[in-house]
Amino acid sequence: MFPLAERPDLAPLLGTFHGGWPEFMYGDRVAPLYYDIAQTAFAQYVLVAPDPDEPTRAAAAAYSVPYTPPPVLPVGGWDAVVVAAISDRAAGRRGTQVSALEIMVQPDLRGRGLAAVVLDAMRRNAARLGHDTLVAPVRPNGKSDPFEPMSTYAFRTREDGLPVDPWLRVHVRAGARIEAVAPRSMLIAGTLAEWREWTGLPFDRPGPVRVPRALAPVHCDPDQDSAVYVEPNVWVRHSLNQR
């Protein structure tokens with residue numbers, strides 16, 4: 001994998017991932033603060049792996065960002081990291097800690113262990129840039145029941161002691177420690193028309209709505225013409241000076 005700062009010619013390949021995220025997640029209002037400038041302002045922290053069999057696309061990519069961490073991991077998770085990183089940049093500060101934001105593998109290449117390879121590349125890149133810690137507000141997308149509290153799912157393990165969630169297993173196998181739940185890692189609010197477009201569901205009754213690939217229920221309020229999704233993530237911490 002190459003840092004985009006060293007291979008800016010690979011930037012167009014970052015637009016070749018399709019279907020990796022549920023459509024409603026593109027409704028997060030904080031994400032553009034990072035993605036609109038990631039390829040220039042944070043190019044050292046964006047990694048791209050060209051697909052050797054299909055040169056017009058990337059096989060995998062990884063986004064991370066330096067930020068100044070608060071005393072404790074923020075309950076705001078993903079959104080909080082982005083806001084902190086952008087605030088650091090506006091103030092002329094270089095963040096002391098790195099947070100992973102996204103790892104992408106082409107759908108037809110999944111199941112081959114590439115996620116672990118990409119995570120290792122992200123760890124090595126952060127260490128190369130002088131950081132000793134990598135954290136991640138992990139989206140444990142193996143969670144199928146939106147009504148199960150993340151506080152119980154995040155710490156469920158298999159017989160071998162590893163997490164039941166595939167993404168959390170990747171991190172733990174790489175040496176990470178599961179630290180806490182970020183209960184409002186991402187907040188997505190939209191009109192009922194927007195949620196109908198994002199999901200194909202009617203959103204015509206008040207109360208919690210089960211949405212495919214959502215980690216928690218979406219709360220629908222027809223009287224106010226709005227629905228709100230508060231996504232919980234799981235904080236993990238990698239110490240980069242221990243292997």
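These questions and answers cover salt bridges in a predicted model.

Trainee: How many salt bridges does the structure hold?
Mentor: The model is predicted, and side-chain pairs count only at pLDDT 80 or more. A pair needs a Lys or Arg nitrogen within 4 Å of an Asp or Glu carboxyl oxygen. The number of salt bridges is 13.

Trainee: How many residues apart in sequence are the parts tied together by aspartate 145 and arginine 210?
Mentor: The two side chains meet in a salt bridge, at 3.9 Å from N to O. Aspartate 145 lies in the loop between strand S5 and helix H5, and arginine 210 in the loop between strand S7 and strand S8, so the pair ties together parts separated in sequence by 65 residues.

Trainee: Is glutamate 148 buried or exposed?
Mentor: Glutamate 148 forms a salt bridge with arginine 156, at 3.3 Å from N to O. Arginine 156 is partly exposed at 39% relative accessible area. Buried means under 20%. Glutamate 148 has 17%, so this residue counts as buried.

Trainee: What is the relative accessibility of glutamate 179?
Mentor: Its side chain meets that of arginine 177 in a salt bridge, 2.4 Å from N to O. Arginine 177 is partly exposed at 49%. Glutamate 179 also counts as partly exposed, and its value is 28%.

Trainee: Which residues do salt bridges that share partners join into one network?
Mentor: A salt bridge pairs Lys or Arg with Asp or Glu. Here, bridges with shared partners build one network. Its members are Asp51, Glu54, Arg57 and Asp108.

Methods
Residues are numbered from 1 along each chain as its sequence is written. This is a predicted model: local features need pLDDT of at least 70, side-chain atom pairs count only at pLDDT 80 or more; totals for chains, interfaces and linings use all residues. Side-chain values use heavy atoms; hydrogens and water are left out. Helices (H or I, at least four residues) and strands (E, at least two) are DSSP runs, numbered from the N terminus. Buried means under 20% relative accessible area, exposed over 50%, partly exposed in between (1.4 Å probe, protein chains only).
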